[in-house]
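This report describes the aromatic ring pairs of a predicted model. A pair of aromatic rings is described by the distance of the centres and the angle of the planes.

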Amino acid sequence: VERAFGEDLPAVRHAMEELARSMEPEELNRVGFRLYEHFRPEVPTGATGWGAKGVLDLQRIRTAGT
């Protein structure tokens, strides 16, 4: 994770922790994958596989629970 996010890791971690704290654990467990689908990085056209680099938008994490 550190390698993927580099110097942005603290900001990404903070945004995800805020999102997690915004709901009860049971609710987070129930909707977690849908939240991820909301903010998962867009991968450029033509890029394939798990190693494909995308751009993570922190604002999408911040608004995922709303």
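Helix α3 holds both Tyr-36 and Phe-39, which are three residues apart, about one turn of the helix. Phe-33 and Tyr-36 also both lie in helix α3, which spans residues 25-39, and they too are three residues apart, about one turn of the helix. Tyr-36 and Phe-39 form an aromatic pair, and the count of aromatic pairs in the model comes to two. The geometry of the pairs is set out below.

| Ring pair | Centre to centre | Angle between planes | Class |
|---|---|---|---|
| Phe-33 and Tyr-36 | 5.8 Å | 45 degrees | tilted |
| Tyr-36 and Phe-39 | 6.1 Å | 85 degrees | edge-to-face |

The planes of Phe-33 and Tyr-36 stand at 45 degrees, so this pair is tilted. For Tyr-36 and Phe-39 the angle is 85 degrees; planes over 60 degrees apart count as edge-to-face, and the pair is therefore assigned to that class. Through these ring pairs, Phe-33, Tyr-36 and Phe-39 are linked into a cluster.

Phe-33 has a relative accessible area of 55% and is exposed. Tyr-36, at 34% relative accessibility, counts as partly exposed. Phe-39 has a relative accessible area of 10%; because buried means under 20%, this residue is classed as buried.

Terms used:
Residues are numbered from 1 along each chain as its sequence is written. This is a predicted model: local features need pLDDT of at least 70, side-chain atom pairs count only at pLDDT 80 or more; totals for chains, interfaces and linings use all residues. Side-chain values use heavy atoms; hydrogens and water are left out. Rings of Phe, Tyr and Trp (its six-membered ring) pair if their centres lie within 6.5 Å; planes under 30 degrees apart count as stacked, over 60 as edge-to-face and the rest as tilted. Helices (H or I, at least four residues) and strands (E, at least two) are DSSP runs, numbered from the N terminus. Buried means under 20% relative accessible area, exposed over 50%, partly exposed in between (1.4 Å probe, protein chains only).
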